[in-house]
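Subject: Structure handover

Hello,

I am passing on the structure we spoke about. Please look it over before reading my notes below.

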Amino acid sequence: MILQLINQRQRWLNLHRLILPVAMALLLLASACGSSQSNTTTDADRLTVVTTTTLLADLVKNVGSDLVEVTALVPPGADVHSFQSTPADNVAVGRAALLVSNGGGLDQFLDQVIEGASSDDAVHILAAESLLELDDDDPHFWQNPVFTVQYAEGIRDGLIAADPDNAADYRSNFQEYKDRLTELDFDIANTLDTIQTDRRHLITFHDAFSHFAERYGWQVTSLVGSDASQVSPGPMVEILDRVREQGIPAVFAEPQFSSGLLEKAAEEAGVEVGPIYSDVQDGDVASYIDMMLFNAKSLARLLR
Ligand SMILES: [Zn+2]
């Protein structure tokens with residue numbers, strides 16, 4: 001009986017002797033496969049960047065290209081103004097080498113998360129830092145592409161502070177992106193030029209477009225401040241009646257914030273509701289540049 005046990009144990013040991021070399025060989029094979037790709041940047045090499053909004057994440061991707069791995073805390077289509085962070089956000093912030101928020105009261109929730117969760121050597125920048133003294137009412141500075149160049153500049157400097165070894169790449173990516181933003185500014189102006197001067201009035205629900213209006217010489221009216229679903233039908237119909245009387249055929253709302261109520265009130269007043277975006281999300285507006293072009297075309301289509 002004792003002998004039998006010893007034999008069993010012996011077989012176990014023999015089995016291990018066999019398994020171990022096979023496992024080692026497999027491991028070596030796996031690491032050899034991995035090292036054959038050493039000329040491309042792997043996820044582990046990338047600089048981990050966390051932003052508040054999807055729009056900021058897009059700007060970081062343009063300046064950081066494949067040197068960065070970027071995550072936005074506010075999901076696409078969600079409202080940054082009312083966003084509440086989750087424990088998963090703390091984990092993401094804890095891993096980040098660079099944290100990017102807008103500033104100006106738009107995304108202050110990040111400050112609290114950073115205080116509790118960020119690593120001590122993480123760099124935190126406010127993308128709108130250089131613009132905040134211009135205006136303390138509307139922090140949506142990116143609605144003016146000239147201001148977005150300053151965002152990209154701040155992001156470039158943040159990337160260099162967190163990852164100085166790749167400074168030259170961040171500088172040249174920035175230059176390239178700056179040229180695209182300059183082109184975007186021309187394209188928007190050209191598209192808006194097709195609209196009759198007396199109809200250059202952007203009427204929105206979300207108070208996010210004053211910098212856009214200022215850049216292109218438009219009038220802007222924000223009807224309710226932020227969320228159209230918060231307004232009751234009576235006042236909404238009244239507001240839209242006045243819009244109609246001024247000869248403005250359309251008002252604009254972010255599709256995710258607009259509601260059946262808004263659509264119904266607009267229909268009653270004979271005013272169209274067109275789509276406009278203030279943040280990047282899936283579909284036609286998956287990048288900052290696409291979003292801005294989409295907005296200009298939406299205005300041109302419904303107002304000219
Ligand atoms: Zn906003």
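What follows is a short account of what was found in it.

This is a predicted model, in which local features need pLDDT of at least 70 and side-chain atom pairs count only at pLDDT 80 or more, while totals for chains, interfaces and linings use all residues. Residues are numbered from 1 along each chain as its sequence is written.

The chain has 10 helices and eight strands (DSSP runs numbered from the N terminus: helices are H or I with at least four residues, strands are E with at least two). Of its 304 residues, 38% count as buried (20 or more other C-beta atoms within 10 Å of the residue's own; exposed is 12 or fewer and partly exposed is in between, with C-beta atoms placed from the backbone). Among contacts (C-beta atoms within 7 Å) with a separation of 6 or more, 63% join residues 24 or more positions apart.

Helix 6 (residues 167-192) packs against helix 10 (residues 288-303) at an angle of about 10°, and their axes are 9 Å apart (axes are lines fitted to C-alpha atoms over the stretch in contact, and angles run from 0 to 180 degrees between N-to-C directions). The two helices are therefore roughly parallel (angles under 35 degrees).

Serine 65 lies in the loop between helix 2 (54-64) and strand 2 (68-72). Although serine 65 is not a glycine, its phi is positive, about 40°. Serine 65 counts as partly exposed because it has 16 C-beta neighbours inside 10 Å.

Regards

Terms used:
Contact = placed C-beta atoms within 7 Å. Parallel < 35°, antiparallel > 145°, perpendicular 65-115°, else oblique.
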